[in-house]
Amino acid sequence: MRPEHADRVPEIYRLGIAAGNATSETAAPTWPEFDASRLPDHRIVAVDRAGDVVGRTAVTPVSDRCAYAGVVEHSVYVRPDARGRGVGRALLAALLAALLASTDAAGVWTVQSGIFPENTAGLAPHHRAGFRTVGTRERLGRRHGTWRDVVLLERRSPAVG
């Protein structure tokens, strides 16, 4: 992910918000907010032949405490028009593989993610990529007045720890 992707990355997040099963957030961060909150070494975009961003992944630290320096939370988004016919699944798998290679190489020992239980299109590729379900966090967040459960997933690095 480079500065020239700055306009497309928040747009993909806005599309995920609009779909209703990606996040409890109701507004996408601006590029400066996104840039400041994500670790710079683990940001990956997928681009189509025309050079347009069709998916992205990035990580945030789960804590600023040194004991948790190797634990990050990731998010991954695929543009809705890139889904279907297996394209979205392939993009998600490729983004996850690239992210996990990056975090393993950097010494990250745990990558976690929270996914709505209804988002089966997001859960399945994570399980295939080696994530395990830790549990369901009930009524963790609200969106438009409705409580949402979140499935907590984690993947322990086979290379670190």
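Colleague: Hello! Which cut-offs decide whether a residue is buried or exposed?

Modeller: Relative accessible area decides, taken with a 1.4 Å probe on protein chains only. Over 50% is exposed and in between is partly exposed, while buried means under 20%. This is a predicted model, where local features need pLDDT of at least 70, side-chain atom pairs count only at pLDDT 80 or more, and totals for chains, interfaces and linings use all residues. Residues are numbered from 1 along each chain as its sequence is written, and side-chain values use heavy atoms, leaving out hydrogens and water.

Colleague: Is Arg 43 buried or exposed?

Modeller: Arg 43 sits in the loop between helix 2 (31-37) and strand 1 (44-47). Its relative accessibility is 11%, so Arg 43 counts as buried.

Colleague: Which residue's side chain joins that of Arg 43 in a polar contact?

Modeller: A polar contact is a pair of N or O atoms within 3.5 Å; within protein, one must be able to donate a hydrogen and the other to accept it, and residues adjacent in sequence count only if both atoms are side-chain atoms. A polar side-chain atom of Arg 43 lies 3.2 Å from the backbone oxygen of Leu 39. The side-chain partner, at 2.5 Å, is Asp 35.

Terms used. Helices (H or I, at least four residues) and strands (E, at least two) are DSSP runs, numbered from the N terminus.
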